[in-house]
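Me: I have a protein structure open and I am new to this. Can you show me how to read it, feature by feature?

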Amino acid sequence: MSKKRGLSLDEKREKMLQIFYDSQDFFLLKELEKSGPKKGVISQSVKDVIQSLVDDDLVFKDKIGTSVYFWSLPSSAGNQLRNVNSRLESDLQSSKKRHAELVEQCNALKKGREDSDERDEALADLKAIELKYNELKDEMAQYADNDPAAFEAMKKAIEVAHTAANRWTDNIFTVRQWCSNNFPQAKDQLENLYNEIGITEDFDYIEMTPAPLSSVID
């Protein structure tokens, strides 16, 4: 007989969220550690699972007296998805505005740039400077791989960005699963909503592929 597979982190998060949604009550951590095993989440992992939900604003906690209480409502998940959509929409509008500004600046800079001897000479000087810059950049790249501090700093920055992006992916998958479980009759409407906000069939976690430092600098 094959050994039963344990729950993944996403499955544990969903199970613990369901405890809150079913009761719509406040819980102490020790109460959640007792309720977790009934949902298939071992008590030893409940604290970490709950903390991950708190970090992602899917579960809230308040200290009352000397006790810390945890709570969450079904509307919290919906609000989370709407907040993400609103933030993405705001970023999109900002990008459109910036693009329009750059196009306007580009058009303004084109004025008065008719061909002339002075302009041709200036362009030739600029080309020579660019060539010299590229030569120096190539020379520096030869030594970049020997700079451990620069490599480690870049590596850590990439890891932080990768983890943050996949944490939001976790949040979105958790919300989608909860919606599917609780509103099966609204499957088509939910799929349309996901597509409208960019959560399509190819939406998935970001895989981090190691790359040579010199290729990043170039």
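Reply: We will go from the overall plan to strands, helices and rings. Keep in mind that this is a predicted model.

Me: How many helices and strands does the protein have?

Reply: The protein has 8 helices and 3 strands. Next, read their order along the sequence. The pattern is α-β-α-α-β-β-α-α-α-α-α.

Me: What share of the residues is buried?

Reply: Of the 218 residues in the protein, 22% are buried.

Me: Now the strands. In which sense do strand 2 and strand 3 pair?

Reply: Look at the direction of each strand, then at the bridges. Strand 2 (residues 60-64) pairs with strand 3 in the antiparallel sense, over 5 bridges.

Me: Where does strand 1 join in?

Reply: Strand 1 is joined to strand 3 by 2 bridges, and the two run antiparallel. Phe27 has Phe70 of strand 3 as its bridge partner.

Me: On to the helices. At what angle do helix 1 and helix 3 pack?

Reply: Picture an axis through each helix. Helix 1 and helix 3 (residues 43-55) pack at about 80 degrees, with their axes 10 Å apart. Angles of 65 to 115 degrees count as roughly perpendicular, so helix 1 is roughly perpendicular to helix 3.

Me: Which residues meet there?

Reply: From helix 1, they include Leu9, Met16 and Phe20; from helix 3, Val46, Ile50 and Leu53 are among them. The residues of this contact divide into 8 nonpolar, 2 polar and 2 charged.

Me: Last, the rings. What describes a pair of aromatic rings?

Reply: Two values do: the distance of the centres and the angle of the planes. A search of the whole structure finds 3 aromatic pairs. In one of them, Phe26 and Trp71 lie 6.0 Å apart, centre to centre, with 50 degrees between the planes, which makes the pair tilted. The pair links distant parts of the chain, 45 residues apart: Phe26 sits in the loop between helix 1 and strand 1, and Trp71 in strand 3.

Me: Which residues do ring pairs link into a cluster?

Reply: They link Phe26, Phe60 and Trp71.

Me: Why do Phe26 and Trp71 count as partly exposed?

Reply: Compare each value with the cut-offs: buried is under 20% relative accessible area, exposed is over 50%. Phe26 has 45%, so Phe26 is partly exposed. Trp71 has 23%, so Trp71 is partly exposed too.

How values were computed:
Residues are numbered from 1 along each chain as its sequence is written. This is a predicted model: local features need pLDDT of at least 70, side-chain atom pairs count only at pLDDT 80 or more; totals for chains, interfaces and linings use all residues. Side-chain values use heavy atoms; hydrogens and water are left out. Rings of Phe, Tyr and Trp (its six-membered ring) pair if their centres lie within 6.5 Å; planes under 30 degrees apart count as stacked, over 60 as edge-to-face and the rest as tilted. Helices (H or I, at least four residues) and strands (E, at least two) are DSSP runs, numbered from the N terminus. Buried means under 20% relative accessible area, exposed over 50%, partly exposed in between (1.4 Å probe, protein chains only). Axes are lines fitted to C-alpha atoms, for helices over the stretch in contact, and angles run from 0 to 180 degrees between N-to-C directions. Angles under 35 degrees count as roughly parallel, over 145 as roughly antiparallel, 65 to 115 as roughly perpendicular and the rest as oblique. Contact means heavy atoms within 4.5 Å. Ala, Val, Leu, Ile, Met, Phe, Trp, Tyr, Cys and Pro count as nonpolar, Asp, Glu, Lys and Arg as charged, and the others, Gly among them, as polar. Two strands pair if DSSP finds at least two bridges between them.
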